[in-house]
Amino acid sequence: MRLKNVLITVENLERSKKFYKDLFGLDVILEKEGNAILTEGLVLQDKNVWKSAVGGNVLHKNNASVLYFEEKEIEKFAERLGAYEMPVEYIGSLVQHPWGRKTIRFYDPDGNLIEVGTPG
């Protein structure tokens with residue numbers, strides 16, 4: 001068995017596809033019925049499709065999970081993030097940990113938590 005994809009719910013599929021393309025370089029592989037499969041295994045699903053499937057509400061910004069990305073040039077990424085056309089809500093600023101790695105945490109436009117760190 002292997003993990004195939006990670007799915008997150010979004011309010012606006014077009015906005016989210018743009019966000020993940022612009023900042024992370026993820027491309028749409030397949031789009032169908034309120035779902036967009038992106039490169040690297042990320043799936044965006046319209047929250048109404050999810051609500052219909054599970055029969056309940058979507059709780060954004062719950063901090064129960066994180067999408068983790070690695071970036072060698074994290075300072076340049078942090079600059080791109082700061083200059084992004086939509087406001088980004090940060091969970092602190094770019095930090096260097098005592099063990100040497102640098103990380104930055106923030107939310108995507110729908111409140112899904114993201115962490116970007118240097119490899120290692």
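This is a predicted model: local features need pLDDT of at least 70, side-chain atom pairs count only at pLDDT 80 or more; totals for chains, interfaces and linings use all residues.
Residues are numbered from 1 along each chain as its sequence is written, and side-chain values use heavy atoms, with hydrogens and water left out.

**Stop 1: the largest pocket.** Select L7, I8, N62, S65 and N112: of the 18 lining residues, these are the closest to the centre of the largest pocket. A pocket here is an open set of points on a 1 Å grid over the protein atoms alone, where a 1.4 Å probe fits, with protein on both sides within 12 Å along at least five of seven lines; lining residues have an atom within 4 Å of a point. The volume is about 350 Å³, counted as the space filled by probe spheres set on the points. Now colour β1 (residues 6-10), which gives the most to this lining, with 4 residues. Strands are DSSP runs of E, at least two residues, and helices are runs of H or I, at least four, numbered from the N terminus.

**Stop 2: along β1 to β4.** From β1, step across to β4 (residues 42-46): the two run parallel, joined by 5 bridges. Strands count as paired if DSSP finds at least two bridges between them. Select V10 and you'll find D46 of β4 opposite. How many of the residues of β4 are buried? The count is 5 of 5, with buried meaning under 20% relative accessible area (1.4 Å probe, protein chains only). L42, L44 and D46 cover one side, V43 and Q45 the other.

**Stop 3: the hairpin.** β3 (residues 35-38) pairs with β4 in the antiparallel sense over 3 bridges. Pick N35 and its partner Q45, then go to the turn, where E40 has a positive phi of about 70°.

**Stop 4: the second largest pocket.** About 270 Å³ of space lies here. The largest share of the lining, 4 residues, comes from β5.

**Stop 5: the open sheet.** β5 belongs to a mixed sheet of 4 strands, in the order β5-β8-β7-β6. Select F69 again: V116 in β8 stands opposite. Finish with α1, which lies across β5, β7 (102-107) and β8.

Methods: Contact means heavy atoms within 4.5 Å. Axes are lines fitted to C-alpha atoms, for helices over the stretch in contact, and angles run from 0 to 180 degrees between N-to-C directions. Buried means under 20% relative accessible area, exposed over 50%, partly exposed in between (1.4 Å probe, protein chains only).
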